[in-house]
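Load the model in your viewer and keep the selection panel at hand. The tour goes from the whole chain to one pair of elements.

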Amino acid sequence: MRNFIERVKDYFTRKDCADMAICTWKSANEEVYADFCKRMDAIGKGNLSILMDIYQMMRECTPPEALLLYNWLSDFMNGKDIQNRANQQWAGKYTDIIAQCITNKRLWIGVNVKTGTVELLTSPKSELLMVHSETPIEVWNRLPQETRSYLTEQLDVLMKNSKGCYLLSKLERKMVYQSLTYISRIIFLSHAVFIGEVMANLYDYVVEKKEILAYCMYYFVIFDHGLSRMAKLLDRLLNSGEVDNGNMILIKSCVALLVHQSIKMGTESKAGWEDTAEVCNPEIWKEVMFALRKAKGRRGNKKVIQSLDDILVGDKERIKQGICSFLEENTEDISLAYLLKSLVKAGRIKASIRYMTFHRAIEQFYQRHYGHDIPQKRYSEIKDRTLTSPQRGNSYIKAKRIIDRWTDYFIKNV
């Protein structure tokens, strides 16, 4: 199976192509996506079937080395004999990198999410996902106080029920707590090194296999406020009255993670999260507000990805036939500005659409690359003009002639 990440090296080009493909698919499969959303909503009622399907798909996307690691950790946590695995590469080709990072606190693991490569570095690089190991004390002290108190309480109960741990001193108990946080660090570093391969496999599911569940998940998270919707589901679970202290901490931790990741990806804004928090349980509200204080918002205009079907108004198939005729006749990049102006004047496209949103939709639909600088500048010049003012030269005459002709076409023929 060809790897999508290897075929398309430029990350942003790859993401734009995937985003547009997902939007186009969703426009053609509204009922399928609606059914997915119903199954997601059913989680709040206790129906977890969709989560099991997602888990199975993600397991298939997980590299064999990662599965080997998870089995190794499971055996270790369950007290099974792991001596026979002492000479095995428990994390595959990344075992030595993880081990060096854990034993040498000055080293960093750098993960290139664009290409999937992993390297060991002595200092962070801004373009890579950087992770490093901390001492058990540092890891323990970074945990929220509420989480530390809960873990201490649960571990104390566990040790009281174990004859071998009953006589441990306070210092020895603290070392047990820190050792467990150290194990969590191993899991964290291991997750990081496998991110690139998991993402590559997930892209293959989207692009190569056209897996319906992957399409739905992608659109749900990136375009349909999926992470804030998941927070509302967690809020419903919290209000069910069947949540103990451990579940409360888990839910709050999940909400904080959802906030940070959605802001980082640009799928949610701080204002959007504030609106979400207002309708949630006070505990969720506090967690969201605390997370927002630490989250850095993304500045600048958000890139909007929509398919042509999403922005056209009227008989979309006939409009697209007309667009094809226009593009066959007008091949210059600048002509896209005239096409958008014609569609807006004819009422066949939403007037609020930004030029670049239209440009990306046309490229995906017509399967041709157009330069965007010239047509974008031209459209900004003619967007709010009636084109009935005195002539300004041959370029103006040509633009007016094209726009008038195709405006009339889109009004009369579609």
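**Whole chain**

Among the contacts in the chain with a separation of 6 or more, 65% are between residues 24 or more positions apart. The model is predicted. Colour by secondary structure: the chain has 20 helices and three strands.

Select residues 226–238, which are helix 11, and residues 245–265, which are helix 12. How do their axes cross, and within what distance do they come? The two axes come within 9 Å and cross at roughly 170°. This angle is over 145°, so helix 11 is roughly antiparallel to helix 12. The crossing of helix 11 past helix 12 is left-handed.

**The contact**

Show side chains on helix 11 for Leu227, Met230, Ala231, Leu234 and Leu238. They meet Met248, Ile251, Cys254, Val255, Leu258, Gln261, Ser262 and Met265 of helix 12. Sorted by class, this contact holds eleven nonpolar residues, two polar ones and no charged ones.

**Along helix 12**

From first C-alpha to last, its 21 residues reach 30 Å, close to the 30 Å expected at 1.5 Å a residue. Which residues of helix 12 are buried? Select Gly246, Ile249, Ile251, Lys252, Val255, Ala256, Leu258, Val259, Ser262 and Ile263 to see them. Of the residues that meet helix 11, Ile251, Val255, Leu258 and Ser262 are among those listed.

**Last stop**

Step past the end of helix 12 to Gly266, which follows it. The phi of Gly266 is positive, near 85°.

Technical notes:
Residues are numbered from 1 along each chain as its sequence is written. This is a predicted model: local features need pLDDT of at least 70, side-chain atom pairs count only at pLDDT 80 or more; totals for chains, interfaces and linings use all residues. Side-chain values use heavy atoms; hydrogens and water are left out. Axes are lines fitted to C-alpha atoms, for helices over the stretch in contact, and angles run from 0 to 180 degrees between N-to-C directions. Helices (H or I, at least four residues) and strands (E, at least two) are DSSP runs, numbered from the N terminus. Angles under 35 degrees count as roughly parallel, over 145 as roughly antiparallel, 65 to 115 as roughly perpendicular and the rest as oblique. A crossing is left-handed if the near helix is turned anticlockwise from the far one by less than a right angle, and right-handed if clockwise. Contact means heavy atoms within 4.5 Å. Ala, Val, Leu, Ile, Met, Phe, Trp, Tyr, Cys and Pro count as nonpolar, Asp, Glu, Lys and Arg as charged, and the others, Gly among them, as polar. The expected span of a helix is 1.5 Å times one less than its number of residues. Buried means under 20% relative accessible area, exposed over 50%, partly exposed in between (1.4 Å probe, protein chains only).
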